[in-house]
Amino acid sequence: MPSNPPIRLSGPLGWAIAGVAAAAVFAAGALTARAFFDGGGDAPPAAGGASPGISAPFPARTPFGRPAIPAAAGSPGIGGAGGEDAASSKLGYGMPYQCQAPLPASALGISAVDLEAAGIQPRVPRDGFELIAVSLAAVADCDDQGQPTGTPRPMLSTSWRHTATGLEAYLSQVASSEPLAPVLRSDGAVFAALGYHFSIYVNSYPVRPYDTAKPYPSGPDPRAPEVLRELISKVAPGFDQQCFWTVTDADWSALAAFSVGDPRPAIPSGLALSEVHITAFREPAAGCDTSVKPTEGFGLYAYWNSDQGDIFGVSVTGLPAGADASFPGYIDQYSASWASRGLQFSVWYGGKDGSGSADVIRAVAKALDPSFSDACFVRQRTLTEADIQRLGFRAPVPPAGYTVTRSASFAMDIDPGCQRPQGFAASYSLSWTLEKGADVIDVAIYASPGASASGEFFGWISDYGIGWVTADGTSYNVNAYSKGINPAVSRDDLIAVAKSLDPALDIEKLEKQPGGGAVPPRPAPDAPDKGN
């Protein structure tokens, strides 16, 4: 099992906290730079051709003698970039969460980006590394709406190739005087020095074209840790590398230091431990400042199973500084997920026959986290027929010869009386299976009435299904297949089922497709309904 990755809180969608890559990810379309520095030394050598959209030569200096990044029309790498990673508030493994903020307009000149005007002095290696990419942005604290607030802080991200080994390294520096626990991993580090927060990651695998004929190595390059230490010494020569908290493999006894309990006594009988991976920290050398203690980097992953196919798993992951852990947890009889004391907890359980147990989930959760309480968690509950009618949904009317062989209807909501976080909206998932001999029609409805919607209708129709989304955001899918000689099911039957769900559906407004949307996987016929 690899080291525990950092976790990024994603907000209300699913109210689950998802993992993201530990590496420092730089903006898409980042610039390839040929000259970057001012004063005291030669510019680093080029490490490849210019990026698309950059046609002018890269000047060594601006007219004012300041460090410069050339600006060119059509270059997406200046000042941040598109894509999910560019919008991410995570600056790097172990770095605080921030929101992207505006850069000063004066930072962008006619032929170059002015780093001094942006408020940043590059702290980068002057020798032994080739500069291959640059990205400039600004970040700030986030308000409760996820928008930047307070004074923006410039952030410079650079990508380098180590000349002796060919390994690539990624360096990010953000102007900040806030304390930051220095953490060292085998492939990366975060620390504060010289008025900046630094995040460094060394890719221990070579970066090669997809179609290269050269065989790819079977394991990481053992020189990567030394490249990392060399880069740290060049970026911040005065930083004492003995003062890092070092992420290291640990055992069950390490949990107590983070107030995490041993879950093993609460695991159901008949399950055997099949995998466990625990990481913790080795303390800095004597005399180092240890007033700021890290959490991100601590982790527990353990997995149990039985000969009968039952499984049980737990994980605990340290959250980065500044991560918003105010969203409620989630629980059902198969899993629980919640944040507490700077840690993200998850427990999951499943029997071979599809069974689960909320009581067992709670017992293990309490063993892991003595403060655990699911009183105001998001819960899944089964909808009754009365609930379905009250919410305005319609069950499908089976065409002639069809019968309903399976149905499952759930709500995801917070109990009445509990505080509802801003942006939270209850959601509803309903599904049915209709069968007539070899013909099968799967029906699904998903709605979240309190969530934002586009206000527009769109949909499609094919020989194998119909799918549409109404103006209020309710999604409908009617998909069909046949186990007989003819794989298609009568289109008239599909339309009849669709109209029974949504009498206002105008078939003429659906886009005609030869295939159609993806058919969701069909549950095992004898699987029990999943609900609390």
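Phe191, Tyr196, Phe198, Phe239 and Phe244 come together as one aromatic cluster. The model is predicted, and every value below is computed from it.

**Aromatic pairs**

The count of aromatic pairs comes to 16. One of them joins Tyr301 and Trp348: the ring centres lie 6.1 Å apart and the planes meet at 35 degrees, so this pair is tilted. An angle under 30 degrees would have counted as stacked, and one over 60 as edge-to-face.

The two partners sit in separate strands. Tyr301 belongs to strand β14, which covers residues 299-305, and Trp348 belongs to strand β18, which covers residues 343-350. The pair therefore ties together parts of the chain that are 47 residues apart in sequence.

The cover over the two residues is as follows.

| Residue | Relative accessibility | Class |
|---|---|---|
| Tyr301 | 16% | buried |
| Trp348 | 25% | partly exposed |

Buried means under 20% relative accessible area. Tyr301, at 16%, is therefore classed as buried. Trp348, at 25%, counts as partly exposed.

**The chain as a whole**

Strands β14 and β18, which hold Tyr301 and Trp348, belong to a protein chain with six helices and 26 strands. The chain has 532 residues, and 49% of these count as buried.

How much of the contact total comes from residues 24 or more positions apart? Among contacts with a separation of 6 or more, such residues account for 66%.

Terms used:
Residues are numbered from 1 along each chain as its sequence is written. This is a predicted model: local features need pLDDT of at least 70, side-chain atom pairs count only at pLDDT 80 or more; totals for chains, interfaces and linings use all residues. Side-chain values use heavy atoms; hydrogens and water are left out. Rings of Phe, Tyr and Trp (its six-membered ring) pair if their centres lie within 6.5 Å; planes under 30 degrees apart count as stacked, over 60 as edge-to-face and the rest as tilted. Helices (H or I, at least four residues) and strands (E, at least two) are DSSP runs, numbered from the N terminus. Buried means under 20% relative accessible area, exposed over 50%, partly exposed in between (1.4 Å probe, protein chains only). Contact means heavy atoms within 4.5 Å.
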